[in-house]
Amino acid sequence: MMRQIVILSILYIGLSSYLLGQDCLNESKYSQAITKADSLIELGDYGKAYDQYNVAKIYCRDSLVKVQVAQDQLFAKINGLRAEADSQRLNAERKAEYAEAQSLVFQLEELPKNYDERKLRIYEEQWRQLEEMEAKVPAALKRAIVRPVYNQFKSNSEAPRLFSQKSLIHKGGVNSAVLSPDGQSILTCSDDATAKLWDIKGNLLANLNEHKAAVESALFSPNGGLILTKSADQTAKIWDLKGKLITDLNRHTTPIWYAAFSPDGNLVLTSSKDGTIRLFDLRGQMLFTLPPYTKKYSNIYTEVIFSPNGKRMLTNSNGKGVKLWDLEGNLISDFDGDIDKVFDAKVTPDGLRIITVSNTCKVWDFDGRLVSNFGKYKEEISSANFSHEGDKILTSYSDGAVKLWDTNGKLLSEMDLHQDAVIHTIFSPDDNKILTGSNDGTAILWTLKGQQLCKFKNHIAGVHEAFFSPDGRRIITADYKKYRLWDINGNLLGELGEYLFDLPLPVFSHNGEHILTNTEDGTIKVWNLQGRTIAILGMHTDEITSIEYIKGGEEILTSSKDGMAKIWSFDNYLISNFERNAEKVTDPHFSADGKKILTVGSGNSVYLWDPEGNLIADYRHANRISSYQFVPNRNQVLTSSYDGEIKLWDFSGNLLFKLSDCIDGNRDPILSPKGQQILTPKNGMIFIWDLQGQLIKKVQFPFPPPDNELKGLGNIVFSPNGQHILTLSKYIGQYGTISDLRATLWNIDWQEVWHKDDIDMRLPSFSPDGNQILAISLKNHKEAKLWNIEGDFLATLSGHTAYIHSAIFSPDGKRIMTFSNDSTAKIWDINGQLIVSTGKHDDIIPRAFFSPDNSKFLTFSKSNSIKIWDINGKLFVSIEKHLDEFYGSGRLLFSPDSRVILTTPNEGSAKLWDLEGQIMAQADKHDNDINSASFSPDGRFFSTGSDDGSAKLWPTPRTIYEWLQSEECPIPPLTEEERIKYNLQED
């Protein structure tokens, strides 16, 4: 078969060669083949058309080249169609992928505005998927990621703050959550009959599930190596840290009220509703049983306290009697047999003595011997408390009296200003003050000598709670309705929510800077020391059973009847508020590296901060601040005040030098671009100083400076490299008339390079390379003019039909832009040749600028429209619907990467726009107009300062997205189950 195919092929080739060797065998058939091929191409049947061209080749050799060209054209058309089809197919696939990814951005604008960490993680995943397929991330998705961060912060009202939460889940209410002694694990117990051990990240380590009823309490042994649980099944159990049951303490026949380890962790004590107390070793061997307090069990043991050395037990029986026992069950003392009147007993902080409270107060040692007796008073004792050092005792009485004693029973002072029973007494953290709370509706702060320092009034009925912050500078009191926060001078700072008898008390953070309160609905609020809510942790849905700070105050541990314990993190703020006591702080400026921020206070200070809002240094003047700036290339700050005083500081707040009476009152000091010189103009002179405060030189201005120029830099302009300085001054004639304007160019040593009189120059500026000078014409405000550094005139930029607001160089120095009251902007080359003239705005253009990457420029009209153009003048996007009253103090600028625009209309908000004119983020937490705004040098943050007296630092959407992906973010990522649930798993 193969041989036949080869023979036929040879015959076909030979015949074709013979036919093609003829000039034109059949003209008619050739024409028919060509016509048919052309018709088939029209019909799109390219394969058959190609065959007809081959037929034409056979019938006419003279047209062989012509037919081959037609075939080549056909091939090119086929390839073009194929490429177009491939492109359409790829575009269709990309559109399908993009549509699928966009479909994940479901109802973003309608979603609740409160913070939900799972939503934030879902949006992060959507953003990632879109970027991986090189698709545009919609502004709606960026808003969804930004909104919970921005909504977390408001200066003067309640608002949720960004936090994360890790849920430790039970199937029943959680009765407690406690930290291990080393702070690295958490023990929870629940009505679901289990206790669970977790690591500090919320990962389950062990499930203690041998109980048959609710686990009412769970605690670690003193060394953290064992766990003790107490259950409604009338048992207590000992476990190791892997969840293995070691022993079952099941000797009680009624519910257990109390279970605890001894101080050395080698024994366990339990008390029961049957009125008994039992002591066990760690193997479960019962060592002894204390019988019921009375035969009818009417007074059971409600409290058991081990002595610090673990060799004694102090028991209290329902407020009717206190007894001391040894560890063999022998009664050591019933404290003078006063069982009907002793209602309380406490151990001194040093663990060496016991104080008992009845109608008198007595101090005992742990052998039951009486140490001191404070004697009887006409009224009953309400309470007794030791100082932190244990060397003093406070007693309070039902008639409002308070007495201070030493431990030997010597009366030190008396306080008798309350009009009703004193129900709270407490020492300040340093033991130097005393706080008392009374049923007369007041709390009083006292010295140890009994002198009143201040009174906290206006409580409704009695003061039920009163306590200090850790540093002793704040006080919380509670009547039966509200908690109140005070300073120690008696000034009310704020109300901290509703007082509820059966809920945990407010908790100060370890550093004393925040306060936690909670409500019946499971909402936890975090307050600052000005009594303002800074966070709302409202994720529990039932009563909270425990609450405490962990890890030095960085995180909060809560448990609730809703079946969950939670670890909350809210110290990783992405938004910073710069607060200085009650002083207004505004107008923030970034350092060159973005790691420091300067603000000015409403007083006479400039403040240096880190980006987290921590104060680094306070730079103070005797008069109001007029200017402040970072010194380039140095960790220094230059400040000035309206009394003419100039100061240079380091970042630690140390004053390096001070200059006085060396500057005109309406002027600010001028720093050279490289921070080598400080210029202070005064009385027609320029004083030049080095950074050690030494006067380098005095330069006489040839003539006074011109009127109505920009403050400071309008008349003295440095080149960007700092090598030249241009000054403008007016010539005063013989009779005091002003005849012309002089421009003078100086080198860095303030030697004159050249000067020119009668120069047509207003608002001069140097090109980025310092080789050209650009200015608006002083004689014809519709023109701009260009000179070289040698002072040679180069060109006039004419073409505007109205006043030019400004003339500026592009960042790379290759373009010049002018913008005018004729509603247009024009782009010129550096030779002054017109390149682009934009279409008209609907009003004058007071502002315009290039993007940092030189690829775009922006124009803004007085009618509040914004237009973005490419560098060739093609309109990129128009934002026509902005906000009223923008024209004035509002700010408008590109981000450093040229991808975002920041606007601050005069309404207390700042907006970030993408280059399609869509709002990506809105920071609207100021209460008055924003008077300053700037991006950090890396573009990751922007700052705002407002007339409301506040300054804030905000992240961009990209920053929040990157933060979500970083290890610093405390919000746990989506689990694999969640990724599947939300259709976010990888293909």
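Modeller: Begin with the axes: each is a line fitted to C-alpha atoms, for helices over the stretch in contact, and the angle runs from 0 to 180 degrees between N-to-C directions. Two packed helices are described by the angle between their axes and the distance between the axes. In this predicted model, helix α5 (residues 117-132) and helix α6 (residues 139-150) pack at an angle of about 145°, and their axes lie 10 Å apart.

Biologist: What is the handedness of the crossing of α5 and α6?

Modeller: The crossing of these two helices is left-handed.

Biologist: Which residues of α5 and α6 meet?

Modeller: An α-helix has 3.6 residues a turn, so residues three or four places apart point the same way. From α5 come Leu120, Tyr123, Glu124, Gln126, Trp127 and Leu130; α6 supplies Leu141, Lys142, Ala144, Ile145 and Pro148. Sorted by class, this contact has 8 nonpolar, 1 polar and 2 charged residues.

Biologist: How many residues of α6 are buried?

Modeller: Buried here means under 20% relative accessible area. By that cut-off, 10 of the 12 residues of α6 are buried, and the helix is mostly covered. Among them are Ala139, Val146, Arg147 and Tyr150. The buried residues pack against α5 and also against α7 (957-965) and several strands, including β72 (910-913) and β76 (951-955).

Biologist: What span does α6 reach from its first C-alpha to its last?

Modeller: The helix reaches 15 Å, close to the 16 Å expected at 1.5 Å a residue.

Biologist: And the protein chain as a whole?

Modeller: The chain has 8 helices and 76 strands. Of its 987 residues, 54% count as buried.

Methods. Residues numbered from 1 in each chain as written. Predicted model: local features only at pLDDT ≥ 70, side-chain atom pairs only at ≥ 80, totals over all residues. Heavy atoms only, no water. Helix = DSSP H or I, 4+ residues; strand = E, 2+ residues; numbered from the N terminus. Left-handed = near helix turned anticlockwise from the far one by under 90°. Contact = heavy atoms within 4.5 Å. Nonpolar A, V, L, I, M, F, W, Y, C, P; charged D, E, K, R; others polar. Buried < 20%, exposed > 50% of the residue type's maximum accessible area, 1.4 Å probe, protein only. Expected span 1.5 Å × (residues − 1).
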